[in-house]
Amino acid sequence: MGAGGRMSVPPEGKKSKSEVLQRVPHSKPPFTLGELKKAIPSHCFQRSIPRSFSYVIYDLTIAFLFFYVATNYFQNLPEPLSYLAWPLYWMCQGCVLTGVWVIAHECGHHAFSNYQWLDDTVGLILHSALLVPYFSWKLSHRRHHSNTGSLERDEVFVPKVKSGIGGFAKHLNNPPGRVLILVVQLTLGWPLYLLFNVSGRHYERFACHYDPHSPIYSDRERMLILVSDAGVLSVTYGLYCLVAAKGLAWVFCVYGGPLLVVNGFLVLITYLQHTHPSLPHYDSTEWDWLRGALATADRDYGILNKVFHNITDTHVAHHLFSTMPHYHAMEATKVIKPILGNYYQFDGTPIFKAMWREVKECMYVEPDEGDQNKGVFWYKNKL
């Protein structure tokens with residue numbers, strides 16, 4: 001979906017279950033970032049304003065068509081069909097708007113154009129429309145990319161060590177408990193992260209993405225947090241006016257339902273990219289940037305790979321070269337896979353099956369017993 005069209009890049013032949021779960025190497029790679037970059041065609045790093053905007057226009061056009069059909073034709077459906085039509089609209093519109101979210105994410109990485117002001121303008125508008133504090137997220141996300149895989153400094157889905165697991169976790173280590181974890185994570189995970197830094201890096205005091213004095217940010221960044229807050233507040237006020245004019249039910253059906261889907265996919269995508277039984281995490285004695293960047297996995301969402309602009313199945317390349325436009329990431333992934341070898345992790349497990357497996361198997365991290373590499377931590381689930 002989108003200008004140019006792109007195909008998903010599956011692994012060379014389907015991996016067996018044992019191969020998928022086989023740990024990736026944690027030793028220093030035999031290649032450098034410079035060697036990887038040199039292997040990628042130079043045009044893959046070129047950003048095109050017309051091409052980048054073509055994806056914005058395409059996605060927003062599809063979103064408008066869904067909105068038009070829903071608001072003009074659903075009312076004519078008999079009741080049983082209308083009850084089915086709205087959830088279908090939420091899912092379809094939510095998937096398209098997740099693609100819009102990904103484009104704003106590109107802006108945050110300066111991968112949209114060669115002009116930072118243009119990237120930030122587009123990103124601020126698109127993310128604010130989805131109630132995301134653009135600069136606040138951009139700054140914490142940049143630190144995530146700078147510290148991926150670090151137990152002390154990463155910002156997203158930082159796993160707990162075994163000693164940090166509370167006694168209540170034992171009551172959730174069963175099927176009903178896992179269902180509860182997934183429901184809360186997919187519905188409330190994103191706002192809880194923005195408001196309370198849940199699943200994020202530990203700070204000595206309260207951390208919030210809406211607070212300009214949050215420890216997440218430096219003094220020179222605080223004005224940008226206020227700009228982000230103003231963007232979210234402007235859209236919130238617009239929604240308030242819509243509720244006053246159209247009613248709460250109308251606004252939820254047209255906007256709220258799809259937004260819940262966007263937030264759910266955002267959390268799910270990020271969770272599965274950074275949570276996998278084969279991926280290591282490192283403490284400060286072992287961590288370095290390249291090994292941390294490689295501690296992530298590409299996943300297969302089927303046709304949604306295209307809808308999500310391939311952020312799902314080119315995430316390894318994205319962590320290595322975050323300013324590369326998404327429309328070149330597939331080509332770059334094909335080129336670097338042979339060089340990465342066993343350091344590249346692709347898991348084609350069906351997403352719902354993978355989600356259930358990860359919430360079951362990846363409860364905490366700890367080093368292997370007797371392993372000399374005490375700074376290398378692996379996911380485990382035995383309490």
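**View 1. Helix α3 from end to end.** Helix α3 covers residues 49-73; helices here are DSSP runs of H or I with at least four residues, strands are E runs of at least two, and both are numbered from the N terminus. Its 25 residues should span 36 Å at 1.5 Å a residue, and the end C-alpha atoms agree with this, being 36 Å apart. The expected span is taken as 1.5 Å times one less than the number of residues in the helix. At the start of α3, look for S48: one of its side-chain oxygens comes within 3.2 Å of the backbone nitrogen of R51. That is a polar contact (a pair of N or O atoms within 3.5 Å; within protein, one must be able to donate a hydrogen and the other to accept it, and residues adjacent in sequence count only if both atoms are side-chain atoms).

A word on the model before we go on. This is a predicted model, in which local features need pLDDT of at least 70 and side-chain atom pairs count only at pLDDT 80 or more, while totals for chains, interfaces and linings use all residues. Residues are numbered from 1 along each chain as its sequence is written, and side-chain values use heavy atoms, with hydrogens and water left out.

**View 2. The covered and the open residues of α3.** The buried residues of this helix are S52, Y55, V56, D59, I62, A63, A70 and T71. Buried means under 20% relative accessible area, exposed means over 50%, and partly exposed lies in between (1.4 Å probe, protein chains only). Helices α4 (79-108), α5 (116-129), α10 (248-274) and α14 (326-340) are among the parts that cover these buried residues, through contacts, meaning heavy atoms within 4.5 Å. L65, also in α3, is partly exposed because its relative accessibility is 45%. Together with F64, Y68, V69 and Y73, L65 makes a nonpolar surface patch of about 500 Å². Patches are built from residues with over 30% relative accessible area and no salt bridge, joining like charges within 9 Å and nonpolar side chains (Val, Leu, Ile, Met, Phe, Trp, Tyr) within 5 Å; accessible areas come from the Shrake-Rupley method with a 1.4 Å probe, and for residues only the protein chains shown count as cover.

**View 3. Two loop residues with positive phi.** L131 sits in the loop between α5 and α6 (134-146), and its phi is near 60°, a positive value in a residue other than glycine. With a relative accessible area of 23%, L131 is partly exposed. F157 belongs to the loop between α6 and α7 (169-172); its phi, near 45°, is positive too, again in a residue other than glycine. F157 counts as buried because its relative accessibility is 14%.

View 4. R299 and E358 form a salt bridge, with their closest N and O atoms 2.8 Å apart. The pair links distant parts of the chain, 59 residues apart: R299 is in strand β2 (residues 298-299) and E358 in helix α15 (residues 351-361). Both R299 and E358 are buried. A salt bridge is a side-chain nitrogen of Lys or Arg within 4 Å of a carboxyl oxygen of Asp or Glu, and the whole structure has 14 of them.

**View 5. K380 and its partners.** K380 forms a salt bridge with D368, the closest N and O atoms being 3.1 Å apart. This pair links K380 in strand β5 to D368 in the loop between β4 and β5, 12 residues apart. Salt bridges with shared partners join R23, E366, D368 and K380 into one network. Within it, the side chains of E366 and K380 meet at 3.7 Å, N to O.
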